[in-house]
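Subject: Structure handover

Hello,

I am passing on the structure we spoke about, together with some notes on what turned up in it. Please open it first and then read on.

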Amino acid sequence: MSESPSPSLPSRQTEAPDEAALSRILQESREIRGVSLWQDAWRRLRRNRAAMASLVFLVILMLAAIFTPLLPLQSPADKDLNNRRFLPPNFDSVVMGSREGLKFEDGRLTAQLAKYQASVEQERSEILSIDDPVERAEKLDAFEKRASVEHPFNQLWNQLGPVAFTMCRIRVAIFGDWAVPSLFGTDKLGRDLLSRVFWGSRVSLVVGIVATIVSLIIGVSYGAIAGYLGGTVDAIMMRIVDMLYSIPFIFVVIFLVTFLGEDSVKKILDQYGIEQITIFYIIIGAIYWLTMSRVVRGQVLSLRHEQFVEAARTVGASPGRIIFRHVVPNTLGVVIVYLTLTIPSVMLFEAFLSFLGLGVSPPDVSLGLLLNDGVEALSIVKLFWWVVVFPGAALALTLFALNFLGDGLRDALDPKMKNRS
Amino acid sequence: MPPELRRLFVILAVVVMGIAVVWATRFDSMPPADFSIQNGTDPKTLDPHRATGQPESRILFGMFSGLLQMLPDGDPDPVSGLQPMSPQPAVAKSYEVSDDKLTYTFHLRDDAVWSDGVPITSEDFVWSWTRMLHPATACEYNFQLFSVPFAEQFSSGVVNVGDRCEVELFDRPNPDGTTEADTGELNIQNFPRGTMLYGTLREIRKPPEPELAEDVTEDDREEAMLNWQESWVFVLDIAEEDENGDIDWDGPTTRQTFTADMDSPVADEDTQRVHNVLVAFSKLGGMETPDEHTFVVNLEDPLPYFPSLAAYYPLFPVPRHVIEKHGAPMWTKAENIVSNGPYVVGLRRLRDRVRLVKNPRWFGADSVAIETIDALSTEGQNTALNMYETGQIDWVTDPPTALLETLKQRDDFYAAPMLSVYFFRINTTRKPLDDPRIRRALSMAIDRQQIVDQVAKAGQVPAYALVPPGIVGYEPPPGFKPDVDAAKQLLADAGYPGGRGIPKITLLYNTSEGHRAIAEVVQQQLQNNLNVKLELQNMEWGSFLDKTNQIDYDIARAGWIADYADPNTFLDLWLTDGPQNSTGWSSAEFDQLLKEAAAESDAEKRMQLLSQAEAIWIDEMPVIPLYFYVGINMVKPRIKGFFPSPQDLHPLHLMSIDDGSDQQTDAEVAGKPNGRDLFIADRLLSAPAPLSKLPSIIRPTAPSQLPNEKVTAR
Amino acid sequence: MTDLFSYAIRRFGWMLLTVWAVYTVSFVLMRAVPGNPFSSERTVPPAIERQLRARYNLDAPPIEQYTDYLVGIVTRGDLGVSIRLEDYTVNEVLAEGFPVSASLAILALVFALTLGVTAGVVSAVYRGSAGDLALMGTAVLGIAIPNFVLASLAILLFVFIIPIFPAAGWGTLRQVALPALCLGAPVAAYIARLTRAGMLEVLGREHVRTAFAKGLPKSTVILKHVLPGALLPVVSYLGPATASVLTGSLVLEKIFALPGIGSHFIYAATQRDYTLAMGMVLTYTVLLFVMNSLVDLSYAVIDPRVKLQ
């Protein structure tokens, strides 16, 4: 069996052997302005232009994804079938709510919103004027429920979560009816591709990050425990990982996705407030922990005889505490590098599942789903290039950035590189 | 490990890699066929009694010939370009119908033989139809013969005391020469028969019915009941059979007892083990064989569409001698199968192709122009189109939806109305959908024209009724009108003004791009027009069907293709006990009208009754019809003899290849007996109706994703 | 040699255990998914459904089905009859499809190795040059584009714009070349990056510096002293590479209409073809396990520092 050759990190002296010495050492360490590993790494990372550019890009992307509903984009779900199918990229201005089928006042979202507000206010004041408090509360409750159903946003955005709903309100307050033109063109049902790419990135990134975090939690705990305990436990735990490596997980995923799509299962999940898509992330995460656990184990194996671990043991810390308090933080460098590589694979896996028709379901969009739609419209007979190029570019850029950042981090965190660059 | 060994290992690895590459690049090359079809997916089986889908039917119509065959009849419709088809002689050279329309006498050709030279006789049809109806065959089209006396009873396995029955003893032959009786092992086959005995059922001895607790599941209950039924002991007076196979029902008999479960508490010592006791369908006069070349069918109802059924593949003959020799499913292997149509199977490779080779023994072999045909299992729409564009495929059956607007402009694109309908089933047992007003409101608020023009795209016929237009003699009732205001009013009447308070409704569809697009558009339309919220749920085909069958959904997508050109094929779905009803809807009046129609021998009156039934259906709206499908095909101009037809049937033996340079082919074709049909087809090709005027048609599904989809419904 | 032998034996034992575990889990999963294999738009009467079930032994109690099927596999290598493709046994389906998938995978892997290692070596040797940047940029692109997009673009490019390959199908080397290239591309990209990183690391080692100092020609140093060490990570990546090629073939078989076994699985799983799905899962498991073991073995043989466990 091979050890994963991984760079060993210098151990941080976080615990001292005896109480008296402790304060003295602490005192000394405060006086010496040492450069911590992280500061050092950050210094080196800053010098790597590709990695820094990637980092900036990713931060912007994350912000854009989180605040997508705030941006003056068109609705990703509103389908203007009659006039706007397969429009190539253009700069024609767009007014929110102008589609005939919506029957909005003046063909404008703001006008409709104003009309709606007025009627709501009027009705609410009528209800509020009822004397009987019980009846009033009852009616008000029913009314609020109804009002939220009738809100014009539902007509345009279909289903919005509470957070997205609030953000959309702010967005309308700021930008009014104005929306960015269809710079990326429109798709086969007349939806704006630019906004779909943004909303899709949002879902894809969330899938990538959540799944990676799940894999992180499982992988790090498993690897750290195996590595720290060593011996037979380690051997057995690693054999199990070997076994799991040989399981064709894609097949298991297909089963699980079918299984979780089942009504009875869904109902049970709903009871606990879990959405199907959450499970979806967790499944993907549960697949990607294997390599993580191997890497962490390798690290921990080399760390467990370090002095600070011995020290903690001498002081009487429990194995759990030693592992998670002292050992795991020291593997973070490798783990972070590995994280930047897992997110891309998860995002690709999501795209793959979308291709097989097992990914997220509408009205949600993801980059994988967009790409799948795009590939369908890609033919020599007629080339709707924009439906595949823009989502493809969005995905590729994200993965590009993650890869470069990962490379940069690896170099930055590798002490052997210290004196070279 | 010593370094020499290490070096050796590296060399070994390189050598292994080299060998692997050499192995991987060896191919048995196979010349392409003269004519290649995109068949959509692998045929599930080549057994005509077990097949159900379009991919299967394209091959089966080429491989087998029935009593009759669907052939072009008359001129194509000038507007739609649709070529009418009618059942015309095939294995039967002619047939007569009695005045009461109940007896059909078919006269078989003398030169009809199986592809191995064995002659086809009327007995083959008796055997084949019995096999088709036998419960163990589980033919999904068995109902097509239910108007033959005792067929339904035979097929559903019901026997009553006093019935004349057949008994199949537990001694089916095994391939190794032994029988079940020797080994005691069950030999599960669709229809290979052990020793048959015939007699009158005198008594059924039943052990006490099992007591079941209240809380057992439906499945367990069913299981227990079936176990109990298996332990019944049947007491029969067995009659004698003469050498012609006729039974002397009123002659001397011997009393014997039979059971399927030898451990049955009510069995005697001499009770014999049997597979099943069924009504003796094949001996009770439904089918008669006065001689080898005459086949008589007696019906209970005057079905006007019976000849169409006789031209449909479930009623085709199957080679008894081959099935008995190889057993099922081995007989369908390319090396074993024997057929009686224009083509025989030359090769079958999963996920790749079925190669059909001209059958020189077919009675019309002289007129068959194409020597080899490949039915390719190409599923991807774009893949198939790419192959078409590069000349690897000559006939595309499923062009990509995204490109239809462009493809529609081309001369090699054929779209023609088809007898099929796309609809949403509604669960009429759930609130609030149990209210017909709500169902109508939903239905009226859907803008079908938009769906047809912008999503399905070739611009197809929006459906405001159930039965597609184009069935001769049928006057459909006036459908409803799409009317958003009236829909709002209906919703308000039902207690949900402005869509207020209506719970979220789930729309279930099976995973496919096309269905998804339609579902999304309907979702938006209902949201915008009625403020009704639709939640979309997609499922894989298997789970989807399960949900539908168990009526565990709110609204579910479905489709239906006519089995025969008659309104009945659409209407009898909604009978109270109809296996396809699956909506919980039931109307005594509707059932009654269909029943009367079945017994009516006057064609006009019958159609009126059916029309009345449809009117009730429209009024109650247990289903939201969306649109009528169109058959879409793209065929290379070099292929002659292709024409759009109402059931999307395209007989392969009428097609020929025109290479342009090869004048001889044309001359040959013109001189052939089938010249008339070819001429019609040629004319159709040379002067096609302006395509822009065609009722455009699109299959909004991506059926390629789901083989079964194509099968019974899209 | 003996440790090799005992390693193989132990691995085999683990494989049996893995296969058994996979069998059990798949069995439970398949039975847990609602719906039965005989769902069809035309409903089958219960008595007939029972006969159909009997044919596939689905009428027996679950425990009996579990053992019967397992015994069949172990004693006769018989994976049963496919439920959906009723003219075929699972063994026949595998026998027809496996050579296709295997050819595709072998070609893809060999292509990926050749191209990846070459690109990695070149860009490491000329580190920092424009060529290095271009190669590594392409490599990242290869990792960043899903293979179904790559395949669709490749078809446009190499079938229509520069017509050198046929659009789809199976039967000639030209037909298999394009799918193999698309399948191998992401793996090649990954291998190129691994090789480059490995090369750079080894290039900095003392023995390499010594070799250069001795005045050996550059090509000799790289081939004899650098490459063997640099390829170690590549060898250990071959296991995951096989897995990724097998998964990727599901997509490419669909796009290129190839009659391999990959496309069967999706159907088997979604259409409840229990027996076929089981056959697929077990085949892939054995395949992956053998591949992983071979990789570990090679690693131990090539790298003197590693001992077989």
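Please keep in mind that this is a predicted model.

Chain A is divided into two domains: domain 1 covers 93-179 and domain 2 covers 193-417. Their C-alpha centres lie 39 Å apart.

In chain B, the domain assignment gives a domain 1 made of two stretches, 85-210 and 223-318, and a domain 2 that runs over 419-631. The C-alpha centres of these two domains of chain B are separated by 38 Å. Eleven residues of domain 1 of chain B and nine residues of domain 2 of chain B take part in the contact. The two domains of chain B bury about 790 Å² between them, with 59% of it on carbon and sulfur atoms. On the domain 1 side, Pro302(B), Pro304(B) and Tyr305(B) lose the most area to domain 2 of chain B, and together they account for 50% of what that side buries. The count of salt bridges between the two domains of chain B is zero.

Next, the contacts that chain C makes. With chain A, the contact involves 49 residues of chain C and 41 residues of chain A. The area buried there is about 4,200 Å², and carbon and sulfur atoms give 78% of it. Two salt bridges are found across the interface of chain A and chain C. Asp242(A) forms a salt bridge with Arg11(C), where the closest N and O atoms are 3.3 Å apart.

With chain B, 63 residues of chain C are in contact with 73 residues of chain B. Chain C and chain B bury about 6,000 Å² between them, 56% of which is on carbon and sulfur atoms. Two salt bridges are found across this interface as well. The side chains of Lys333(B) and Glu92(C) meet in a salt bridge, at 2.9 Å from N to O.

Last, the helix pair in chain C. Helix α4 (residues 90-125) and helix α5 (residues 130-144) of chain C pack at an angle of about 145 degrees, and their axes are 8 Å apart. The crossing of α4(C) and α5(C) is left-handed. From α4(C), Ala119(C), Val122(C) and Ser123(C) meet Asp132(C), Leu135(C) and Met136(C) of α5(C). By class, this contact has four nonpolar residues, one polar and one charged.

Regards

Note on methods
Residues numbered from 1 in each chain as written. Chains lettered and ligands numbered in written order. Predicted model: local features only at pLDDT ≥ 70, side-chain atom pairs only at ≥ 80, totals over all residues. Heavy atoms only, no water. Axes fitted to C-alpha atoms, helices over the stretch in contact; angles between N-to-C directions. Helix = DSSP H or I, 4+ residues; strand = E, 2+ residues; numbered from the N terminus. Left-handed = near helix turned anticlockwise from the far one by under 90°. Contact = heavy atoms within 4.5 Å. Nonpolar A, V, L, I, M, F, W, Y, C, P; charged D, E, K, R; others polar. Domains from an automatic or database assignment. Buried area = accessible area lost by both parts, 1.4 Å probe. Salt bridge = Lys/Arg side-chain N within 4 Å of Asp/Glu carboxyl O.
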